[in-house]
Amino acid sequence: MLVSAKEMLDKAKAGHYAVGHFNINNLEWTKAILETAQELNSPVILGVSEGAGKYMAGYKTIVGMVNGMLEELKITVPVALHLDHGGYDACYKCIEAGFSSIMFDGSHYPIEENVAKTRELVAAAHAKGMSIEAEVGAIGGEEDGVIGMGECADPKECKMIADLGVDFLAAGIGNIHGKYPANWKGLSFETLDAIQKLTGDLPLVLHGGTGIPADMIKKAISLGVSKINVNTECQLAFAAATRKYIEEGKDQQGKGYDPRKLLAPGAQAIKDTVKEKMEMFGSVGKA
Ligand code: 13P
């Protein structure tokens, strides 16, 4: 059964480790992540962006697939199904569809509007026993070929949003989605420290987990990060393994064109990436 992410993240914050949020794109992705979490006895969060939701034929399809897998694969570790960077309408759709957690990303609104919408969605999510993440300070990334450097959130605004009763909070600390450019200045631990001082026990979320070096990840966890989002790194691992299979001509040998064979190396690469991250985040054995 899917669970809200609140309890697993409160435990992570108290235990000084982080739970991995891994974005899913299809059945292979989902199965690879769930099997790895079960093998390592780790809690896990499956992230679904609005785009991935559309790609996978809608939120209800995803809920059906994930619930089916939990039962058929006998997954007993805590699993949350979480909307990633949801807009206002998508949040309501996922509340209705049977997700167990949502993120409302109001970071692009003026703070008053972010507060008003987040307040309303906190009530709607909690009424269904779901957890909710909010965001302050937009997280950068590549848009139309231009890489935004990632804002640093205002700790006072973080406190305003935290006080609305959100279950965990994403705050920009110079992190960005996708690959980090060579001239990236690294995470702002000063900002993170200031945010944690004002938000206390609230679990903090680090987006853009791809390519952040292990020492920065460990330091971020020591300053209150309890959820780390990883997406691009699984995509890169999947693509590299699939490319290798094709370049070696394996799709042309025997029944190598069978999608169950063709996609197997990519699925294994996702598993290896998820394992590496769970070990780095310290969530192994914490289910
Ligand atoms: P990356 O793609 O950089 O790993 O970021 C993932 C993320 O933060 C999803 O919300």
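I started from the UniProt record, an unreviewed entry, which places the feature "binding site" at His85, His177 and His207; positions follow the numbering used here, feature names are shortened, and annotations may be inferred rather than shown by experiment. These three span 123 residues in sequence, yet no two of their C-alpha atoms are more than 11.8 Å apart, so they gather at one spot.

I note that this is a predicted model, in which local features need pLDDT of at least 70 and side-chain atom pairs count only at pLDDT 80 or more, while totals for chains, interfaces and linings use all residues. Residues are numbered from 1 along each chain as its sequence is written.

I then looked up His177, which I found in the loop between E8 and helix H8 (189-199), where helices (H or I, at least four residues) and strands (E, at least two) are DSSP runs numbered from the N terminus. His177 is buried, with 21 other C-beta atoms within 10 Å; the scale, with C-beta atoms placed from the backbone, is buried at 20 or more other C-beta atoms within 10 Å, exposed at 12 or fewer, and partly exposed in between. Setting aside neighbours within four places in sequence, I listed Ile139, Gly141, His207 and Gly208 as contacts of His177, a contact being two C-beta atoms, placed from the backbone, within 7 Å.

His207 sits in the loop between strand E9 (204-206) and helix H9 (214-222), and with 29 C-beta neighbours inside 10 Å it counts as buried. Not counting residues up to four places away in sequence, His207 touches Ile139, Ala170, Asn175, His177 and Asn229.

Next I turned to the ligand, which 15 residues surround, the closest being His207, Thr210, Asn229, Asn231 and Thr232; a residue is near a molecule if its C-beta atom, placed from the backbone, lies within 6 Å of it. By class, I recorded one nonpolar, twelve polar and two charged residues in this shell, where Ala, Val, Leu, Ile, Met, Phe, Trp, Tyr, Cys and Pro count as nonpolar, Asp, Glu, Lys and Arg as charged, and the others, Gly among them, as polar. Strand E3 (79-86), strand E10 (225-230) and helix H10 (232-247) each supply at least two residues of the shell.

Asn229 is in strand E10 and, with 25 C-beta neighbours inside 10 Å, counts as buried. Apart from neighbours within four places in sequence, its contacts include His21, Gly47 and His207. Thr232, in helix H10, is partly exposed, with 17 other C-beta atoms within 10 Å; beyond four places in sequence, I found Thr232 in contact with Gly178, Lys179 and Thr210.

In helix H1 (residues 6-15), Met8, Leu9, Ala12 and Lys13 are buried. Seen down the axis of H1, these residues fall within an arc of 135° (the arc of the directions from the helix axis to the C-beta atoms), so they line one face of the helix. I noted strand E1 (19-23), E3, strand E8 (168-171) and E10 among what covers them. In H4, the buried residues are Tyr59, Ile62 and Val66. Seen down the axis of H4, they fall within an arc of 60°, so they line one face of the helix. The face of H4 turned away from its buried side carries the exposed residues Thr61, Gly68, Glu71 and Glu72.
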